[in-house]
Amino acid sequence: MAEVKLPIQEDESPSEEIAEPKLDELQQDEPRPDIPAVLNILPLRDSVVYPMLIAPLSVARESGVQLIDDSIVGNNRVIGVIAQRDPSTETPHFDDVFDYGCAVIIRTLVKMPDAVRLIVQGVARFKIIERVQEEPYLRARIEVIEEQLPSPEQAEEVEALRRSVAALFDSAIRLSPQLPDELRTLTQAVQEVNVMADLVAAHMNLNVEDKQKVLATVDVVARLKLLLELLSREVRVLELTTKVQNEVNTELTKTQREYYLREQLKAIQRELGESDERGEELEELRARIDQAGLSEVALKEVNREFERLRRMNPGAPEYTVARTYIDWIVSLPWSKSTVDNLDLRNVKRVLDDEHYGLEQIKDRIIEFLAVRKVKTTGKIRQPILCFVGPPGVGKTSLGHSIADAMNRKYGRLSLGGMRDEAEIRGHRRTYIGAMPGQIIQSIRRVDSNNPVLVLDEIDKLGQDFRGDPSSALLEVLDPEQNSSFRDHYLDVPFDLSNVFFITTANRLDTIPAPLRDRMEVIELGGYTEEEKDQIAIRHLIPKQIEEHGLTKKQIRFRNEAIIRLIRHYTREAGVRNLEREIGAVVRRATRMFAEGRTDRVVVNNKFIESALGAPRFISDEVSERDLPPGTAVGLAWTPVGGDVLFIETARMPGQKGLIVTGQLGDVMKESVTAALSFIRSHAAQLKIDPKFFETTELHVHVPAGAVPKDGPSAGVTMLTALASLLTGRRVKRRLAMTGEITLGGQVLPVGGIKEKVLAAYRAGVETLILPELNEKDYLEDVPEEIRAKLKAHFVKHADQVLRVALEKARQKPASEPLAAG
């Protein structure tokens, strides 16, 4: 029976000194040595030894070295070798090795400084039937498994299996560069089918589990079938590997051929003294395309355009068009992005440092980053926020602070006055001078595909014959669609879903409903006096001092001077005018230092008056006006914040009915009519002579006459003013109101409660009348320190309004002629 040597990775490391065996090293039959019933067991790593095969081993573990020494001293050169289940186990026990192994005889032994080198020869399979010892090395009682030759009835099946195995083994040798060609004759040289099966399994690149299955399969037919299955799988893998390698080599060969030809062309041009600037330009452009990280669709389009460009004459008109198009494509940040700052405390600190108050917006940003921090896989939907509020409250600058806090790039696009849809989507390349839209241009400027992009003044978009930009924004601001935004100029989809869009507006009614529905609206009301004071101290004053070249040591603002600036020199919802006044004060101090002053400037009330002149608002706005019977104070919302309205009424002899002036809109005029109808229908209850309306003409006026006004929220104010006029009862001092009134006297809720209340507080109002259904808005939106200084009455019917608003009767009712109020 033939014996074949096979190099194996054994106990610790592979032997480096035993060469690959040759087929001519097969040995003739010799008597099989006696195998003891109890064997010393040597575990192997990543290796399986078969009977009749010769293998080199390198033993380095102390337990293995001791096993070899004891075996040689006991004149017993036969030991058992078994593969480990886990090759990383350093001290294997019986549970760490397989049940089937191979008894081997030690042919050669060489002791080295770091290990013992052996050459062993497989003798027979065995199975462990009893565990004898585990320390210092494994010993076990075994059962030797004799080879079972196939019966004559199985001869044809065995021959067919043998030929199939031989054919597959030949294919594996042909496909695998690791197997030498001389192994092709091995299946013919070994006649014993069982030995041939073991030999093929030993040479194939199978894992330890598969090789162990072959070792444990005693029946020859079953062993050949198992080996045929394993060989078929391995040949399929080798064929696929060869196919992939051939494709790669073909592509490399083509690339190398092109490279050589280009180099030869360059050498010829150098010899002729011709320069190839266009070739260098195209090579540079090709390199930029390869490095741009384009999407599959964009890369296909750019490659097509590049091939056109390469064949085109540089003097052709379309050459520049194609070149500009490719430049735009490769300059976009297809795969460039910044990493979000997920340190929530640091984000909160940055937002607090740059903006005072605005807690609702800050909480929304931190909640988004919290989701980014917790959700580490999958797509995260970017919020699309819309900041709505009066001018000067910090909507635009807040976008910059959000970008700083999140560690993202910042871009801003002003939409005010934009009328052309192409400004958003871009122009098609058929037009001369075509360019991408402002969205794509902004993305290119920030050079990041996940910036914070502020779309400023979205409520001031226009439309004309060139299209509707607000409709073009529907796709941009829709998270379900903007992942494949297609600009007309690029004509390839660009992913905008990672962009953090923030829009700003002064009012919502001019924004189309479908566009408004796509945004998360966050309202920013006007600032209170205390908030303005803190903003001035923390931000405005240091900014103006730095802009005018001074230092904090040269100028100091007293707190009472800041309060005086807020109360008597500005009357606004935001802080822009306040910043201008502070700038004027600092300029006066800068001039003093320029003229030679060295002492520190202390800004007090006297310095304020010397720099800005007399106060513009001497006292409260409500107390500045005379409020005779027939005059009431209402509250209005405007795009620049809340405001107070003075409703004036007068009566005179006549039969024209009702006159309304003050540039009132239709809705406001209807409110006057509804209020008058309510009073006429309740004349007896209000103690008014019903016949009075037959001989009296009423006039309602709302200053200032040059400012257009509209809306239903002045209904209760109109009612109160008319009732005051006709009953002769004054409206209580420092009282203001808002609310819509129905013909039946119901008081309906209105919007803008925070802005209206702050305007009332600034104007000196102390008592408020508000709709009952607006109580929640008053408690949630109005700061507590303002609520503490106001007395609010929440009403649901006109009777309650008149009972709270009018003083007790002191004179006769208005049925008698009186002068106009």
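**Before you start**

Residues are numbered from 1 along each chain as its sequence is written. Because the model is predicted, local features need pLDDT of at least 70 and side-chain atom pairs count only at pLDDT 80 or more, while totals for chains, interfaces and linings use all residues, and side-chain values use heavy atoms, with hydrogens and water left out.

**Stop 1: colour by confidence**

Colour the chain by pLDDT, which is the predictor's confidence in each residue, from 0 to 100. The mean pLDDT of the chain is 82, and 92% of its residues reach 70 or more. Now select residues 1-28, where pLDDT stays under 50 and where the model has 82 contacts beyond four places in sequence, a contact being heavy atoms within 4.5 Å. Then select residues 811-821, where pLDDT is below 50 and the model has 22 contacts beyond near neighbours in sequence.

**Stop 2: helix 12 and its surroundings**

Helices (H or I, at least four residues) and strands (E, at least two) are DSSP runs, numbered from the N terminus. Select residues 395-406, which form helix 12; its twelve residues reach 17 Å from the first C-alpha to the last, close to the 16 Å expected at 1.5 Å a residue, where the expected span is 1.5 Å times one less than the number of residues.

Which residues of helix 12 are buried? They are K395, L398, G399, S401, I402, A403, A405 and M406, where buried means under 20% relative accessible area, exposed over 50%, and partly exposed in between (1.4 Å probe, protein chains only). If you show the surroundings, you will find these buried residues packing against helix 10 (344-354), helix 11 (359-374), strand 8 (384-388), strand 9 (410-414), strand 10 (452-456) and strand 13 (500-505).

Go on to Y410, which is found in strand 9 and counts as partly exposed at 23% relative accessibility. Leaving out residues up to four places away in sequence, Y410 touches T396, G399, H400, A403, V446, V452 and V454.

**Stop 3: loops on either side of strand 10**

Select D447, in the loop between helix 14 (438-446) and strand 10. D447 has a positive phi of about 55 degrees although it is not a glycine, and at 31% relative accessibility D447 counts as partly exposed. Then select E457, in the loop between strand 10 and helix 15 (469-476), which also is not a glycine and has a positive phi of about 55 degrees. E457 counts as partly exposed, with a relative accessibility of 23%.

**Stop 4: a buried loop residue**

Show its contacts, not counting residues up to four places away in sequence, and you will see I439, I443, V476, N482, S483, F485 and F501.

**Stop 5: two helices that pack together**

Two packed helices are described by the angle between their axes and the distance between the axes. Select helix 18 (residues 559-568) and helix 20 (residues 605-612), which pack at an angle of about 40 degrees with their axes 8 Å apart. Axes are lines fitted to C-alpha atoms, for helices over the stretch in contact, and angles run from 0 to 180 degrees between N-to-C directions. That angle makes helix 18 oblique to helix 20, since angles under 35 degrees count as roughly parallel, over 145 as roughly antiparallel, 65 to 115 as roughly perpendicular and the rest as oblique.

At the contact, E560, A561, R564 and L565 in helix 18 meet N605, I608, E609 and L612 in helix 20. These residues divide into four nonpolar, one polar and three charged, where Ala, Val, Leu, Ile, Met, Phe, Trp, Tyr, Cys and Pro count as nonpolar, Asp, Glu, Lys and Arg as charged, and the others, Gly among them, as polar.

**Stop 6: a cis peptide bond**

Finish at E135 and P136, which are joined by a cis peptide bond with omega about 0 degrees. P136 lies in the loop between strand 6 (116-133) and strand 7 (138-145).
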